[in-house]
Structure formats: C-alpha cells, structure tokens
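We will go stop by stop, and at each one you will hear what to select and what to look for.

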Amino acid sequence: MRLADVGKATLSVGMGLLLVSLLFLMGLELTLDDLRRVSPRNISQAIGCLFVIGPLCGVALCHLLALEANWALAILLASVTPPAVGASVNTFIVGGDTALALATSVLALLSSFVLMPACFAAEVALFNALA
C-alpha cells in the first residue's frame, strides 16, 4: 500500500469521526424546548429559500458565466439538492440556531422526493427558455 493511499484512508476516517463527534455534541446541546421554539414561519422561509431562491441563483449563475450544457446541468442539479448534515453542523459550529437548521434539514429531506424533481424540471425549463 502506498503512502498516498494510507493518507487518503486516514483523512477519510478522520473526517468521519470528526463529523460524528460534532453531531454527537450538537445532539447534547439540543433540548425539546429548543425544537418547540422553532417557528413554522422560519421553517417555511428556509424551505422557500432552498427550493426557490437557490434554483433561481443557479440559473442566474449559469447564464452569467455562459456555461456549457454539462457544467450548467451540474450547477442546476446542485442548486436543488437539499442540505443534509452539513447545514446543521455548520450552524452548530458558528453558534447559530441549530434547532432551526436541524428542523429545516429534516423537512427539506422529507419533502425533497417531490420538491427536488419539480424544482429541477422548472429550473431546466427556465434555463432553456432563457438560452
């Protein structure tokens, strides 16, 4: 086994352990009262940003940079992909509202099987209409 392969494996395991540790610490910090304080209005605004503003920014970015079709497709797909663990972990690290980030991530992931294909189809149609 080469030294580079050992380094990649060590980095991969180390990142996984770091992520699990951060999730564990985040879970220790949250209480049921924190989750009860999350406003449905804030969640709906966050979901709207994820599935409306994000895709519109993706279309705008593709047109501003005049990307080729394969690059544009990658940007468009990434812009409708909901956040997963990363959003909650980043919010926890910077001291933000972790309960809101967690609730938004869970709802975005649960609704993504309908919203993601619908937003992607609308996004591609908008992109083609502007091209």
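Helices here are DSSP runs of H or I with at least four residues, and strands are runs of E with at least two, numbered from the N terminus. The model is a predicted one, where local features need pLDDT of at least 70 and side-chain atom pairs count only at pLDDT 80 or more, while totals for chains, interfaces and linings use all residues. Numbering runs from 1 along each chain as its sequence is written, and side-chain values use heavy atoms, leaving out hydrogens and water.

**Stop 1: the start of the chain**

Select R2, in the segment before α1 (3-29). R2 is exposed, at a relative accessible area of 57%; buried means under 20% of that area, exposed over 50%, and partly exposed in between, with a 1.4 Å probe and protein chains only.

**Stop 2: helix α5**

Move to residues 85-94, which form α5, and colour its buried residues S88, V89 and T91. Looking down the axis of α5, you will find these buried residues within an arc of 160°, so they line one face of the helix. That arc is taken from the directions from the helix axis to the C-beta atoms. On the other side of α5, I93 and V94 are exposed. Then select G95, which follows α5 and has a positive phi, near 80°.

**Stop 3: the nonpolar cores**

Select L30, V38, I43, I47, F51, V80, A99, L100, A103, A108 and C119, the 11 residues of the largest nonpolar core. Such a core is a set of buried Ala, Val, Leu, Ile, Met, Phe, Trp, Tyr and Cys residues joined through side-chain atoms within 4.5 Å. Which helix gives the most to this core? It is α6, with 5 residues. Zoom in on A103, which is in contact (heavy atoms within 4.5 Å) with V38 and I43, leaving aside neighbours within four places in sequence. A second, separate core has 5 residues, among them V59, A72, L76 and F127.

**Stop 4: helix α4**

Two of those names return here: A72, L76 and S79 are buried in α4. Down the axis of α4 they fall within an arc of 65°, so they line one face of the helix. The buried residues of α4 pack against α3 and α6, while N70, W71 and A78 are exposed on the other side of α4.

Stay with S79, which lies in α4 (residues 69-79). Is S79 buried or exposed? S79 counts as buried because its relative accessibility is 15%. Its side chain reaches the backbone oxygen of L76 at 2.9 Å. Show the surroundings too: S79 touches L50, G54, P55, G58 and E123, not counting residues up to four places away in sequence.

**Stop 5: the cysteines**

How many disulfides does a search of the whole structure find? The search finds 0, a disulfide being a pair of cysteine sulfur atoms within 2.5 Å. Select C57 and C49: the closest cysteine sulfur to that of C57 is in C49, and at 9.2 Å it is too far for a bond. C57 counts as partly exposed, at 47% relative accessibility. C119 is buried, with a relative accessible area of 14%.

Methods:
A polar contact is a pair of N or O atoms within 3.5 Å; within protein, one must be able to donate a hydrogen and the other to accept it, and residues adjacent in sequence count only if both atoms are side-chain atoms.
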